[in-house]
Amino acid sequence: MKKKIGKEIISAENVVKKFGEFEALRGITAKIFEKEVVVVLGPSGSGKSTFIRTINRLEPHNSGKIVVDGVEINDDVKNLQKVRSNVGMVFQQFNLFPHLSVLRNITLAPQKVKGLSRTEANDVAMSLLERVGIPEQAEKFPSQLSGGQQQRVAIARALAMQPKIMLFDEPTSALDPEMIKEVLEVMTELAESGMTMICVTHEMGFARSVADRFLFFDEGLIVEEGTPEHFFKNPKEERTKLFLSQIL
Amino acid sequence: MTTPKINFREIKDWTVDNFFGSKLGILLTLFSGLLIVYFISSIVSFISSAEWEVVSINKRLLLLGRLPAEDTWRAWPILWVFCFVFCSSIGAWGNPKKRELLLLLLAFLMPTAIFFSMSYIVHIFITIIIGSASYISSKIIRRTLYLGILKKGLVSLWILLIPLAFTILLVGGGPQSNLWGGFLLNILLASVAVVAGFPLGILMAVGRSTKLPVIKTACTVYIETVRGAPLVAWLLLAWFVLPKFLPNLFGLNDLSVVIRAMIVLSFFASAYIAEVIRGGLQSIPSGQLEAADALNLGYVDKMRIIVLPQAIRVVIPAIVSQFIGLFKDTSLVFILALTDLLQVGRIIPEQDPKFFGRQIEALLVVASLFWVVSVVLSNLSSRIEKNLGIGTR
């Protein structure tokens, strides 16, 4: 069954990001559509993480234009807040708040940012914990959970803000192999529910079955893009072929 | 079961191995033996010749300084309220091990033994009753559902303790504040400095860590200026120099010396605490900030809920160490002609020719009082560390 891809929701035009002298992004132009699942591939240092971090301005871009759901990302704080309220993010290192319980990790932002009451936020959090399969861990602290459970809490925490777009920055790279599966299952379910997702990942099985489109990054540029079939059957660029031969 | 026989041969071998194993060993054994004998004999000779009259007739002076005799009663309610809050808190939060309880008991029995007086037997009895009753009752409440309410109440009582003490000291035409003295003064000064200096220190630490240049510079200048001069210099400045420069608004020039000392100590404490907390802030991984940003948390919430609790937890030992240092620094207020505990201990042997040479007795009592508070504080710090240990990485 093929999902219905909606209208354009993110557009990046000629985005450049420099770290000092080093150009991490050298002019990225890409469009992401509603309900689309885009997997970003590329060797390390190719700028793929930097790119998704510019989408919620964890890394401010130096030039170019990024528009998320009709709002341009710039120095305007109000714009930034609008964008961030629409974009959830999951990190490689989970970045849960270690001094707060699992439940509090999830309810914090809905209460403080969206102004939900404690009971409303708790209801939201519990239903999300059900969805990621660990409602029984609500009262524990992050350090008492396995890596896979922590990452699922992190996904629930991002979802609690009801974002339109979810960014995944190598969500399984810090996990032991047996825990990768449980996180990928949650992500697959999320993709099937129609969430717009941009994932930086090396999990090719997941990418192949879930992604609508691949973006292949190298040295700060998008070298090639296309459907999974295109990538696995007949990639055009030499660098893409080399990368895929190494990773598969 | 047979009782094991003492093997004298083994004991002899062990002794030879450990004490007389080599030429150097013999030398060290003899040398340290002599040292131990010397110390023990001087302690014994001190104890046998010590006369504690210099302390016993000056109990009130040591504890309350120049507080007039007709106002002595004011000290008791302060002690009782403190005792109530302190013992209830141990009952509510603490799970003291036997060793810790023993230490606490010793820490409180020692001053009680020194300052015991038949004329106040009723007061002391009331103190003990209040202490044990509040400990036991909060232990009982702990097992019920009202623990949360109890803890909230106790926290607000701790905060109210200082204004309460001031009220008790001032109500109904109390003595002038520059007559406050003795140990009471040290404790009042230190508590005010901690309670005022801690939040100010947090603000300064956060201010120095921001990217806003004006705030950052202002906080840096403040911290470096306050830390740049000795506490004595600031105290003297508050006494002599401030009145000449400040416009006589709000009665600033009429502020009593005690209040000025409190202000100076608070500022002084805040600068040091700010630097300690800034160290804690730097220990927070950037991922925590990114996660908070990605969740769209505002700056205030991000600092208040995510960053500061983690940063402060990291530096609790250093903060408590600052508090202990600050507590002992309060004895420097003698240069403002205030009679704090140490000053009393210095003066009382000069009252009477028969006390000549009795400085050691007086200073020992002074030192033991400072020691008691320091030990209780450091015990508290390790307790807090353990309690906060849940949920750390």
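Predicted model: local features only at pLDDT ≥ 70, side-chain atom pairs only at ≥ 80, totals over all residues.

Colleague: What is the phi of A:Asn14?

Modeller: A:Asn14 has a positive phi, about 50°, although the residue is not a glycine.

Colleague: And how accessible is A:Asn14?

Modeller: The relative accessibility of A:Asn14 is 49%, so the residue counts as partly exposed; the class of exposed residues begins over 50%.

Colleague: Where is A:Glu219 found?

Modeller: A:Glu219 sits in the loop that runs between strand E9 (213-218) and strand E10 (221-226) of chain A. A:Glu219 is not a glycine, yet it has a positive phi of about 50°. With a relative accessible area of 49%, A:Glu219 is partly exposed.

Colleague: Let us change topic. How many aromatic pairs are there over all chains?

Modeller: The count over all chains comes to 20 aromatic pairs. In one of them, A:Phe216 and A:Phe243, the ring centres are 5.2 Å apart and the planes stand at 50°, so the pair is tilted.

Colleague: Which parts does that pair tie together?

Modeller: A:Phe216 lies in strand E9 of chain A and A:Phe243 in helix H9 (residues 238-247) of chain A, so the pair ties together parts 27 residues apart in sequence.

Colleague: Are A:Phe216 and A:Phe243 buried or exposed?

Modeller: A:Phe216 is buried, at a relative accessible area of 1%. A:Phe243 is also buried, at 8%.

Colleague: What sort of aromatic pair do B:Phe183 and B:Phe327 form?

Modeller: B:Phe183 and B:Phe327 form an edge-to-face pair, with 6.2 Å from centre to centre and 70° between the planes. The pair links distant parts of the chain, 144 residues apart: B:Phe183 is in helix H9 (residues 182-209) of chain B, and B:Phe327 is in helix H15 of chain B. B:Phe183 is buried at 10% relative accessibility, and B:Phe327 is buried with a relative accessible area of 3%.

Colleague: Which residues do ring pairs link into a cluster?

Modeller: A:Phe214, A:Phe231 and A:Phe232 are linked into a cluster by ring pairs.

Colleague: Now for B:Thr339. Where is it found, and what does it touch?

Modeller: B:Thr339 is in the loop between helix H15 (316-329) and helix H16 (341-347) of chain B. Leaving aside residues up to four places away in sequence, B:Thr339 touches B:Gly65, B:Arg66, B:Gly181, B:Gly182, B:Leu185 and B:Val344. B:Thr339 is buried, with a relative accessible area of 13%.

Colleague: Finally, the interface. How much area do chain A and chain B bury between them?

Modeller: Chain A and chain B bury about 2,000 Å² between them, and 63% of it is on carbon and sulfur atoms. On the chain A side, A:Phe97, A:Pro98 and A:His99 lose the most area to chain B, together 29% of what that side buries. The contact takes 23 residues from chain A and 21 residues from chain B.

Colleague: How many salt bridges and polar contacts cross the interface?

Modeller: There is 1 salt bridge across the interface, and 6 residue pairs are in polar contact. The side chains of A:Arg53 and B:Glu290 meet in a salt bridge at 2.7 Å, N to O.

Colleague: Which elements give two or more residues to the chain A side?

Modeller: They are helix H2 (77-86), strand E6 (87-90) and helix H3 (102-112) of chain A. By class, the side of chain A that touches chain B has 13 nonpolar, 6 polar and 4 charged residues.

Note on methods:
Residues numbered from 1 in each chain as written. Chains lettered and ligands numbered in written order. Heavy atoms only, no water. Contact = heavy atoms within 4.5 Å. Buried area = accessible area lost by both parts, 1.4 Å probe. Salt bridge = Lys/Arg side-chain N within 4 Å of Asp/Glu carboxyl O. Polar contact = N/O pair within 3.5 Å; in protein donor to acceptor, adjacent residues only side chain to side chain. Helix = DSSP H or I, 4+ residues; strand = E, 2+ residues; numbered from the N terminus. Nonpolar A, V, L, I, M, F, W, Y, C, P; charged D, E, K, R; others polar. Buried < 20%, exposed > 50% of the residue type's maximum accessible area, 1.4 Å probe, protein only. Phe/Tyr/Trp six-rings, centres within 6.5 Å; stacked < 30°, edge-to-face > 60°.
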